[in-house]
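Visitor: I would like to learn how to read the features of a structure I have not seen before. Please show me the model, and then I will ask.

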Amino acid sequence: MAVDITLSVNGVPYPLTVDPHASLLHTVRGDVGLTGSKEGCDDSECGACMMLVDGRPVNSCSYLAVQADGSDVTTVEGLSDGETLAPLQEAFLTRGGVQCGFCTPGMLVSATALLDRSPNPSEDEIRTAVSGNLCRCTGYDGIVKAIAAVAAERAAQG
Amino acid sequence: MSTATSMTTSASSRTYVEARDVATAVAAMSAGARPIAGGTDLVVGARHGKAPLPAALVGIHRIPGLADVAPTDGGGLRLGALVTHATLMADPTVLASYPGLADASAIVGSHATRANGTLGGNVMNSSPAMDTGAPLLCHGGVAVLVGPAGERRVALADLWTGPGRSTAAPDELLVAVELDAPPADGASGSSYVRLQYRRQMEIAIVGAGAVVTLGADGTVTGAKVAITALAPVIHRVAEAEAALVGTDGGFEAAKAAGAAAAAAARPISDVRGSADYRRAMAAVITRRAVLTAVRRARGESVPVPASDTTFGS
């Protein structure tokens, strides 16, 4: 029995008809057509699929689309202002936080959730927050420095 | 790791309803639906091939009132079934009076797991490795279940019967877990410590929770100790508790409690550790949990989560 839902993805409402077992990830990639979020493990281990649902970080591979009915979903595509990258995205680029790029969408969403919750995190808090986002390229150093730099810039701007 | 074959219920037989009150959820469960909130066990378990997703699901994640943390009439704390681990690890009352529960909540999964995974799902999943289990037991946790015949209360020790098994009927919904008031007759502290190979995204290899109460002269007047991932269910260890009462709560007393916990353990060997290793570590981890609870009872500050800070003790 398919279920009618409305997902608000990056501020745009999408009326959809979904299988009750369809994941939020597959629905956003396949039905909405936003393929920034990645499927890595499909098991809540790697974080490549991470989205914000009503502001909460969610491994969307393991979250049912039907449960997000009426929720505000933010994917990596929603972080930038059109073609203008978000400060976190710029910092990842300039500080070596991106290599192959597969973890990057989830990593950026995870970092966004961290800074929303804790605007001035310690390095330990940053490393803890991205523990659920596996990166096999960068060694995390550039990622951690990029997140710390954005937090510091925001603090300096008051 | 994707195991699509395990999820092959026919698409046409799948149903989903979203409940906005407990009665609707219970009615759906009576008709065969399984409740889903954060989905961090149910959906992930299906991905693992552990069990397919149930054909009939009832979403309970938006039922009002079930995400509240509130005092009980008896001075204890009522935790709604939808309270997330993220809420528990930051709640001022939990941090002040039930810090062992904060220790446990802070090390479940990643921050995405904690933002969505609920206490109710954790409790009803009945895993012998669940981190919140030992502190809930030590704080006198009682499950409040609602079924077609009404509400009943079950001590957590009588709820869990084995991995994934409980005495709750399929049509009973957990609505809350209630904790005892903190001991009023002295200074008390609690803790949860686990053996972990990494700090996040980890499942306890061995865990232990403790609540210790000290009299005015520093003597241990009350102790509760529970062990995790060391038996088919998380359970208290009376011998470990007896080894602490009347002592100064120092290293030798904690060591004796650890030895009692190791003697009571009935661990299995699996990918995370052998039974022998788990038994040996039961002594160490229980000792660390007790020493941490004693430090907190003495008014010393121990960061949450305690697991990250107890190496070498």
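Visitor: In which hand does α2(A) pass α5(A)?

Guide: This is a predicted model, so what follows describes a prediction. The crossing of α2(A) past α5(A) is right-handed.

Visitor: What else describes a pair of packed helices?

Guide: In general, two values are given: the angle between the axes and the distance between the axes. Here, helix α2 (residues 87-94) of chain A packs on helix α5 (residues 141-157) of chain A at about 140°, and the axes lie 8 Å apart. The two helices α2(A) and α5(A) are therefore oblique to each other.

Visitor: Which residues make that contact between α2(A) and α5(A)?

Guide: From α2(A) come Pro87(A), Leu88(A), Ala91(A) and Phe92(A), and from α5(A) come Ile143(A), Ala146(A), Ile147(A) and Val150(A). Sorted by class, the contact has eight nonpolar residues, no polar and no charged ones.

Visitor: At what angle does α3 of chain A pack with α5(A)?

Guide: Helix α3 (residues 104-117) of chain A meets α5(A) at an angle of about 35°, with 11 Å between the axes. The crossing of α3(A) and α5(A) is right-handed. On the α3(A) side are Met107(A), Ala111(A), Leu114(A) and Leu115(A); on the α5(A) side are Ile143(A), Ile147(A), Val150(A), Ala151(A) and Arg154(A). The classes here are eight nonpolar, no polar and one charged.

Visitor: How do α11 and α12 of chain B pack?

Guide: Helix α11 (residues 251-264) of chain B and helix α12 (residues 275-297) of chain B are at about 140°, their axes being 7 Å apart. That angle makes α11(B) oblique to α12(B). Their crossing is right-handed. Among the residues in contact are Phe251(B), Ala254(B) and Lys255(B) of α11(B), and Arg279(B), Ala282(B) and Leu291(B) of α12(B). By class, this contact of α11(B) with α12(B) has 10 nonpolar, two polar and three charged residues.

Visitor: Now the two chains. How many residues of chain A are in contact with chain B?

Guide: The count is 35 residues of chain A, against 34 residues of chain B. Together the chains bury about 2700 Å², with 49% of it on carbon and sulfur atoms. In chain A, the residues that lose the most area to chain B are Met1(A), His21(A) and Gln67(A), which together account for 26% of what that side buries.

Visitor: How many salt bridges are found across the interface of chain A and chain B?

Guide: The rule finds three across that interface. One salt bridge between the chains is formed by Arg198(B) with Glu45(A), where the closest N and O atoms are 3.8 Å apart. Over all chains, the count comes to 19 salt bridges.

Visitor: With which residue does Arg78(B) form a salt bridge?

Guide: The partner of Arg78(B) is Glu178(B), and their closest N and O atoms are 2.6 Å apart. This pair links distant parts of the chain, with Arg78(B) in strand β5 (residues 77-80) of chain B and Glu178(B) in strand β10 (residues 173-179) of chain B, 100 residues apart.

Visitor: What do most residues and peptide bonds look like in the backbone?

Guide: Most residues other than glycine have a negative phi, and most peptide bonds are trans. Asp54(A) has a positive phi, near 50°, though it is not glycine. Asp54(A) sits in the loop between β3 (50-53) and β4 (56-59) of chain A.

Visitor: Which residues does a cis peptide bond join?

Guide: A cis peptide bond joins Val304(B) and Pro305(B), with omega about 0°. Pro305(B) lies in the segment after α12 of chain B.

Note on methods. Residues numbered from 1 in each chain as written. Chains lettered and ligands numbered in written order. Predicted model: local features only at pLDDT ≥ 70, side-chain atom pairs only at ≥ 80, totals over all residues. Heavy atoms only, no water. Axes fitted to C-alpha atoms, helices over the stretch in contact; angles between N-to-C directions. Helix = DSSP H or I, 4+ residues; strand = E, 2+ residues; numbered from the N terminus. Parallel < 35°, antiparallel > 145°, perpendicular 65-115°, else oblique. Left-handed = near helix turned anticlockwise from the far one by under 90°. Contact = heavy atoms within 4.5 Å. Nonpolar A, V, L, I, M, F, W, Y, C, P; charged D, E, K, R; others polar. Buried area = accessible area lost by both parts, 1.4 Å probe. Salt bridge = Lys/Arg side-chain N within 4 Å of Asp/Glu carboxyl O.
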